[in-house]
Amino acid sequence: MSEANANASSPTTDPDTADRWPARLWVLLTVLCLAFFLDGLDITLIGVSLPSIGNELGMTTAELQWIVNGYLLGSGGFLLLGGRSADLLGRRKVFLISVAVFGLASLFGGLVNDGLLLILSRLVKGIAAGFTVPTTLSIVTTTFPEGKARNRAVAVYGAIGASGFSSGLIVGGLITSISWRWIFLFPVPLTLAVLIVGMLVIPKDRPAAKGRYDILGAVTLTASLLLLVYTVVTAPDTGWFSARTLVLLGVAVLLLAGFVLVEKRVRDPLVRLGIFRSGALVRANLSFVALLGSYFSFQFVITLYLQDTLKWTPLQLALALLPVGLIVAFGAPIAGRWIGRVGTPPLIVLGLLSEAVGFLLLLRLDTHPSYLTAIFPTTLLVGIGFALTFPSANVQAVAGVDAQEQGLAAGILNSSAQIGGAVVLAVTTAIISAGRAPNTPGAQVSPEEMLGFFRPGLIFCAAVATVGVVVILGQMLGSRNSARRATPAAATASRDAE
């Protein structure tokens, strides 16, 4: 399959290629999309509620960050293991178990009155999401044959998932105005519905991949990813070049090297290393890192400035960012239909470019910003960028991958997004903190000074998105050159045949 297009023809005998899918197929897709939506939402909605949680439970700023990082640590550390487990143990089984754990952890988090237990609930939810997210995508890609049907299904799936990521601050602001506990409790009935309907509509399956479970590979991979994510999210506080950070990074690299050695020698590897020879997969992962890394950092900056510095309420912040969620919800399905016409790379380039311009426009912010002229244009461009890039990257990442490795490909995509997003956010935090270094600890900082600290972070967000543009442009140029070289060769072969 061409990297530039993810729309190979699919078997006409498969009923899923029909223009109108049966109701049962739509219900199945809806269940999988809702599970993905809840994961994306859970990553981004928690930030608005942190001040309320800290006030009620008496948690420090350092403790509050682990409510966010606990989820990121669990999810980022187990996504690859979760994706491969779906291939080896059966997708339906892994999906239902992980969804049930996700729901129970949500309920537990909404009822506890202890900060440590709250962090623990977020860690468990993250681990459950590490198994759920790649499993849902692999069920979608193995249910719908590659080509028009899969592009359409993955586009819908990506649109709903993107809506979860992009509307987190909006939903979080609305819910926090009632009580922060509903941040944890409101997913419970939705998770229960996913579990019940999923048991009815997800077909029973056998493991897609054969062979024994690679225990040593699973241990070394998960340990290296957990340690890497932990090191990255704590580095801004301990120092990027501190002895502790450097030692932890070194151990993570050694564990990862050990994993590679194991995978080269074991009979049934957890991760077939040859899958990384797919240029389309690698570039889809890089574009996903650029998208989510820059977006998470944008959310971090805009929340701190509007809510903490300018004292906007959570509801005001939610309404300000509402256009992002609306554009993603309605625009991503449209983008999905364009994939079959123009391919994934052009849409990814246009989307990331839109994000970069949107971030740069925020540099015009002042201490009394006009919403219509200073913030609204950015929400439009960021929403368009997310709507174009998110479903396109999902389609490109799994295009051409064998059915027995769909879970693995999905795990790689989401793992790179989580870990890459953590790295970009950590660097953004370090950039902002570096600007504040000369100030005396505890001293009052004016809104004008805070704005000066945030601007370099916005520039970095735009730079990350631009790097993604460059990567995919390289893919497009490479595909075009390959096509040009193939044309003379085909003409020569035709003359020889004559």
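Q: Is Arg122 buried or exposed in this model?
A: The model is a predicted one, in which local features need pLDDT of at least 70, side-chain atom pairs count only at pLDDT 80 or more, and totals for chains, interfaces and linings use all residues. Residues are numbered from 1 along each chain as its sequence is written, and side-chain values use heavy atoms, with hydrogens and water left out. Buried means under 20% relative accessible area, exposed over 50%, and partly exposed in between (1.4 Å probe, protein chains only). Arg122 has a relative accessible area of 2%, so this residue is buried.

Q: Which residue forms a salt bridge with Arg122?
A: Side chains of opposite charge can pair when their charged atoms come close. A salt bridge here is a side-chain nitrogen of Lys or Arg within 4 Å of a carboxyl oxygen of Asp or Glu. For Arg122, the closest N and O atoms of the pair are 2.5 Å apart, and the partner is Asp42.

Q: How many residues apart in sequence are the parts that Asp42 and Arg122 tie together?
A: Helices are DSSP runs of H or I with at least four residues, numbered from the N terminus. Asp42 lies in helix H1 (residues 23-44), whereas Arg122 is in helix H5. The pair therefore joins parts whose separation in sequence is 80 residues.

Q: What relative accessibility does Asp42 have?
A: Asp42 counts as buried. Lys125 is buried too. For Asp42 the relative accessibility is 2%.

Q: How far apart are the closest N and O atoms of Lys125 and Asp42?
A: Lys125 lies in helix H5 and Asp42 in helix H1, so this pair ties together parts that are 83 residues apart in sequence. The two residues form a salt bridge. Their closest N and O atoms are separated by 2.8 Å.

Q: Which residues are linked in a network of salt bridges?
A: Asp42 pairs with Arg122. Lys125 also forms a salt bridge with Asp42. The linked residues are Asp42, Arg122 and Lys125.

Q: Which residue meets Glu56 in a salt bridge?
A: The structure holds three salt bridges. In the one with Glu56, the N to O distance is 3.4 Å. Glu56 lies in helix H2 (residues 50-57) and its partner in helix H8 (residues 181-185), so the pair ties together parts 125 residues apart in sequence. That partner is Arg181.

Q: Is Glu56 buried, partly exposed or exposed?
A: Arg181 has 15% relative accessibility and counts as buried. Glu56, at 47% relative accessibility, counts as partly exposed.

Q: Which helices each supply at least two residues of the nonpolar patch?
A: Patches are made of residues with over 30% relative accessible area and no salt bridge; like charges are joined within 9 Å, and nonpolar side chains (Val, Leu, Ile, Met, Phe, Trp, Tyr) within 5 Å. The nonpolar surface patch covers about 460 Å² and is made by Ile97, Val101, Phe108, Leu117, Leu120 and Val124. At least two of its residues come from each of helix H4 (91-111) and helix H5 (115-143).

Q: What is the relative accessible area of Val124?
A: Val124 is found in helix H5 and belongs to the nonpolar patch. Val124 is partly exposed, with a relative accessible area of 32%.

Q: How far apart are the C-alpha atoms of Gly109 and Ser121?
A: Gly109 is placed in helix H4. Gly109 is buried, with a relative accessible area of 0%. Gly109 and Ser121 are twelve residues apart along the chain, and their C-alpha atoms are separated by 5.3 Å.

Conventions: Areas by Shrake-Rupley, 256 points an atom, 1.4 Å probe, with all protein chains shown as cover.
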